[in-house]
Amino acid sequence: MIPTQAQIEQFIADLNTTTQREVIRISLSLADNLALTDSKFGGTPYIPKDGTLPTSAEGKPLFMLAQINCEQLPENTLYPKKGLLQFWIAATEAPLYGLDYEAPCSNDFKRVIHYPTFGEALPIDDFINDYTFDDENLPFNSKRQFALHFKKDTESISLEERAATQFFFEKWNEAFSTHITTIDEFFDEVPDDICEEINAYLLKEPTGHKIGGYPYFIEYDPREENDPHTFLLLQIDIDNIEGEEICWGNLGGIANFFISSEDLDNCKFDNIFFHWEDNYQG
């Protein structure tokens, strides 16, 4: 059946309501004087007094890509209420930015660390000489830091995500007695004006820096069907802040960290699915 305008509008309204996810959007500003435990991209990391810099499988110090102070977030149901969450990557050549294509959950070249509490820090002088990097192998200048500004929001379904796409077709087929299972089938079988309306009101690209919500992918969702890593722990997009670029690869790009809901509930951060991609089509 060909849906009427009223049916399409009701379908969109219902889907927007039932698929809403909580999200914390992140905007950036350059900063020089952030505290050691402040939320930031880059900058000097907090290391507990009895701790050490995390290292890669090759024994080289990792770079602290991001640090989130959970108490600086707006009220939410996404992150732990207390402590620091840190995201570390290796300045691997190519550059790979810590990505392991064969084992995206491996901690050989990336790490996510949660400090449930924090107190006295390891003196910066004890590790700063080892904390140096080749910026060509990082997504931004290791000598700069960005302050994070948070805004609580919600967002609805995006067909970037494999599971969300399947849910969309289930609801579409149920509502309109069709048997569509792929995007190509949808655009082949559904009239152009309806496709345009779905695109305009429903299928927006979930870009930007954020916690939670729907992930954005340039080409495809790298997770297999029924992968347990369903929660977007952090997304870092491209950006340019007062001339300082954040760039994944040579042609833009985006990075995502995913965790299972069970691990998140248990504050267990050693099984994180990490992925980034750029616009390179070679």
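The expected span of a helix is 1.5 Å times one less than its number of residues. I note that rule before looking anything up.

**Ground rules**

I am working with a predicted model, where local features need pLDDT of at least 70, side-chain atom pairs count only at pLDDT 80 or more, and totals for chains, interfaces and linings use all residues. Residues are numbered from 1 along each chain as its sequence is written, and side-chain values use heavy atoms, with hydrogens and water left out.

**Entry 1: the whole chain**

I looked up the secondary structure. The protein chain has five helices and twelve strands. These are DSSP runs numbered from the N terminus: helices are H or I with at least four residues, strands are E with at least two.

Next came the overall size. The C-alpha trace spans about 70 × 45 × 35 Å along its principal axes. I then checked the radius of gyration, which is taken over C-alpha atoms; the globule rule is 2.2 Å times the number of residues to the power 0.38. For 282 residues, a compact globule would come out near 19 Å, and the protein chain has 21 Å, which agrees.

The accessible surface is about 14000 Å², and 46% of it belongs to carbon and sulfur atoms. Those areas come from the Shrake-Rupley method with a 1.4 Å probe, and for residues only the protein chains shown count as cover. Buried means under 20% relative accessible area, exposed over 50%, and partly exposed in between (1.4 Å probe, protein chains only). By that rule, buried residues make up 51% of the 282 in the chain.

Contacts were next; a contact means heavy atoms within 4.5 Å. I took those between residues at least 6 apart in sequence, and 73% of them join residues at least 24 apart.

**Entry 2: helix α1**

I tested the span rule on α1. Its 14 residues should span 20 Å at 1.5 Å a residue, and its end C-alpha atoms are 20 Å apart, which agrees. Which residues of α1 are buried? They are I8, F11, I12 and L15. They cover an arc of only 95° around the axis, which puts them on the same side of α1. The arc is that of the directions from the helix axis to the C-beta atoms. I recalled the general rule: an α-helix has 3.6 residues a turn, so residues three or four places apart point the same way.

The face turned away from the buried side of α1 carries the exposed residues A6, T17 and T18. The buried residues of α1 pack against α2 and α4.

I also picked out Q7, which is found in α1. Q7 counts as partly exposed, at 31% relative accessibility. The C-alpha atoms of Q7 and P215 are separated by 28 Å, and these residues are 208 apart along the chain.

**Entry 3: helix α2**

Helix α2 covers residues 162–176; these 15 residues should span 21 Å, and the end C-alpha atoms are 21 Å apart, which agrees. I listed the buried residues of α2: A164, T165, F168, F169, W172, N173 and F176. Their arc around the axis is only 165°, which puts them on the same side of α2. Exposed E170 and E174 sit on the face turned away from that buried side.

What do the buried residues of α2 pack against? I found α1 (5–18), α3 (183–189) and α4 (192–201).

**Entry 4: strand β3**

I moved to β3, residues 63–69, where seven of seven residues are buried. Two strands pair if DSSP finds at least two bridges between them. Strand β2 (residues 40–42) is joined to β3 by two bridges, and they run antiparallel. F41 has A66 in β3 as its bridge partner. Six bridges join β3 to β4 (residues 84–89), also antiparallel. There, N69 is partnered with L84 in β4.

Most residues other than glycine have a negative phi, and most peptide bonds are trans. I looked for exceptions.

- N226 has a phi near 65°, and lies in the loop between β7 (209–212) and β8 (231–237). N226 is exposed, at 71% relative accessible area.
- E242 has a phi near 50°, and lies in the loop between β9 (239–241) and β10 (244–246). E242 is exposed, at 68%.
- A94 and P95 are joined by a cis peptide bond, with omega about -10°. P95 is in the loop between β4 and β5 (110–115).
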